[in-house]
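Here is a short briefing on side-chain contacts. Look at the structure first, then read the points below.

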Amino acid sequence: MSRVSAAERRGAVLVGGGLAAIAAARSLRANGWDRPITLVAAERGAPYDRPPLSKQYLTGHVRADEIELARSGELAELEVRLLAGRRAIALDPARYTVTLDDRTRLNYETLLIATGAAARRLADPGFAGAHYLRTLHDADSLARALRRGGRLTVIGAGFIGLEVAASARSLGLEVSVLESAPGPLTRVLGADAGAAIAGLHRARGVELRCGVRELELAVDRGRIRARWRTQDGPDETMADTVVAGIGAEPRVGWLSGSGIEVDDGVVCDAGGRTSSAGVYAAGDVSRWANALTGSTHRVEQWQAALEQGSVAGANMAADLEVAGASVRQWASVPYFWSDQYEHKVQFCGSTGPISLSAATVRGVVTCYAPAADAPLSGVLALDSPAALGAGRRLVAQRASWDEARAWLGEW
Ligand code: FAD
């Protein structure tokens, strides 16, 4: 039986306490929503921002209270009822109810799924000692381990793995990075950009091993032995701490049986609407259509979570004909950044098999396209924020590959 009062049966329920949900709450209010908003957040404490977890928070340069997502008093001003430490476990779109882990059932008029993603786990069932990095709790645990010093093995040379490697080096640890691909980020950004980023890490003394396969981890006299093979034969290293950054998976398990369409994330139109009326999704958990590019992607990027939360919040109000609310679409060149040492890696759009790189005064810029007769699809800038800004405009304008090449020649 439902334990919610009649007053609570009206309103919006936002599930997940991250950036997308907070953006949706702000947008609902900005779009004239004057009914209750309930935020169901699995983690205890105030909602916080994730990017610093692998950077300044891990190195101890910012405290937890400095990475809160909402400024002090903001949730109260927005009249958001925060249910922190409570997890949604089931959704019934036909009855407009969501069930929480204490069996409380919340009714809603409109609901947002913003449950983010979870760090993918290593497949090796015989080894349970690896750190992962998704939450504040994970970051605290990893920071404690790093403070003990020694050697760190990072599994996976993706953005999070490389940021942790950079943070650990700046804390004075010896660092090995093990990557199955031929180079760091080569699957994401191609060989040129991967080589430039590899160079940053090697220059700082990181031992970067690529083409790693048959990786095995085992505890050996209080330390952790990693053994693997590459085309050059077997190799191994000993470490005091192991962290795995091998990707993330959308948190959709609680939606099983709801009938909501899921296909590598909750499938959404360009306004965040899911396959069920009254249910929206945003952020890392969702796969949105992008009205600018016509393509559908699940992106695990801060900027997309902010934009999608904001668009979904507007549409949650507008679709219920709230006065003053406007229907919006997500039409954006996706963007992300990564900070490694004093370097800034920025990327917008999407990569493609055609790429061309140029060294600029400060760094490297790479353009991508799906084919030489197709428009520019993405731009990577290493230490060139101005190039990234200009490149983002060119991607939005669907500049031709010839135009992109001419532009690249100017940097
Ligand atoms: P999340 O931030 O994951 O929030 C989802 C929330 O929902 C979580 O708090 C989770 O506990 C909660 N939840 C899950 N299941 C339930 C449930 N059943 N009921 C209730 N609550 C639930 N992006 C960049 O562009 N640049 C960067 O430099 C960058 N650095 C990053 C560093 C780290 C360590 C990480 C983890 C991510 C980084 N990102 C970066 C990605 C960016 O932080 C995410 O894209 C963004 O946080 C997504 O926001 P979200 O609200 O969709 O999901």
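Rings of Phe, Tyr and Trp (its six-membered ring) count as a pair if their centres lie within 6.5 Å. By this rule, there are seven aromatic pairs. The model is predicted.

**Aromatic pairs**

- Tyr 335 and Trp 337 form a stacked pair. Their ring centres are 6.4 Å apart, with 20° between the planes.
- Tyr 335 counts as buried, because its relative accessibility is 14% and buried means under 20%.
- Trp 337 is partly exposed, at a relative accessible area of 22%.
- Phe 347 and Tyr 368 form an edge-to-face pair. Here the centres are 5.8 Å apart and the planes make an angle of 75°.
- Phe 347 lies in strand S22 (residues 343–349) and Tyr 368 in strand S24 (residues 364–369), so this pair ties together parts that are 21 residues apart in sequence.
- Phe 347 is buried, with a relative accessible area of 5%. Tyr 368 is buried as well, with a value of 1%.
- Phe 347 and Tyr 368 also belong to one aromatic cluster, together with Phe 159 and Phe 336.

**Salt bridges**

- Lys 55 forms a salt bridge with Glu 163. The closest N and O atoms are 3.0 Å apart.
- Lys 55 lies in the loop between strand S2 (37–41) and helix H2 (74–77), while Glu 163 lies in helix H4 (residues 159–170), so the pair ties together parts that are 108 residues apart in sequence.
- Lys 55 and Glu 163 are both buried.
- Asp 92 forms a salt bridge with Arg 95, again with 3.0 Å between the closest N and O atoms.
- Asp 92 is partly exposed, with a relative accessible area of 25%. Arg 95 is exposed, at 61%.
- Asp 220 and Arg 225 meet through their side chains in a salt bridge of 2.3 Å, N to O.
- Asp 220 counts as buried at 17% relative accessibility. Arg 225 counts as buried at 16%.
- One network joins Arg 151, Glu 174, Glu 207, Arg 209 and Asp 235 through salt bridges that share partners.

**Charges over rings**

- Arg 35 has its charged end over the ring of Trp 33, 4.7 Å from the ring's centre.
- Arg 121 lies over the face of Tyr 132. The distance to the ring centre is 4.0 Å.

Note on methods: Residues are numbered from 1 along each chain as its sequence is written. This is a predicted model: local features need pLDDT of at least 70, side-chain atom pairs count only at pLDDT 80 or more; totals for chains, interfaces and linings use all residues. Side-chain values use heavy atoms; hydrogens and water are left out. A salt bridge is a side-chain nitrogen of Lys or Arg within 4 Å of a carboxyl oxygen of Asp or Glu. Helices (H or I, at least four residues) and strands (E, at least two) are DSSP runs, numbered from the N terminus. Buried means under 20% relative accessible area, exposed over 50%, partly exposed in between (1.4 Å probe, protein chains only). Rings of Phe, Tyr and Trp (its six-membered ring) pair if their centres lie within 6.5 Å; planes under 30 degrees apart count as stacked, over 60 as edge-to-face and the rest as tilted. A charge sits over a ring if NZ of Lys or CZ of Arg is within 6 Å of the ring centre and within 35 degrees of the ring normal.
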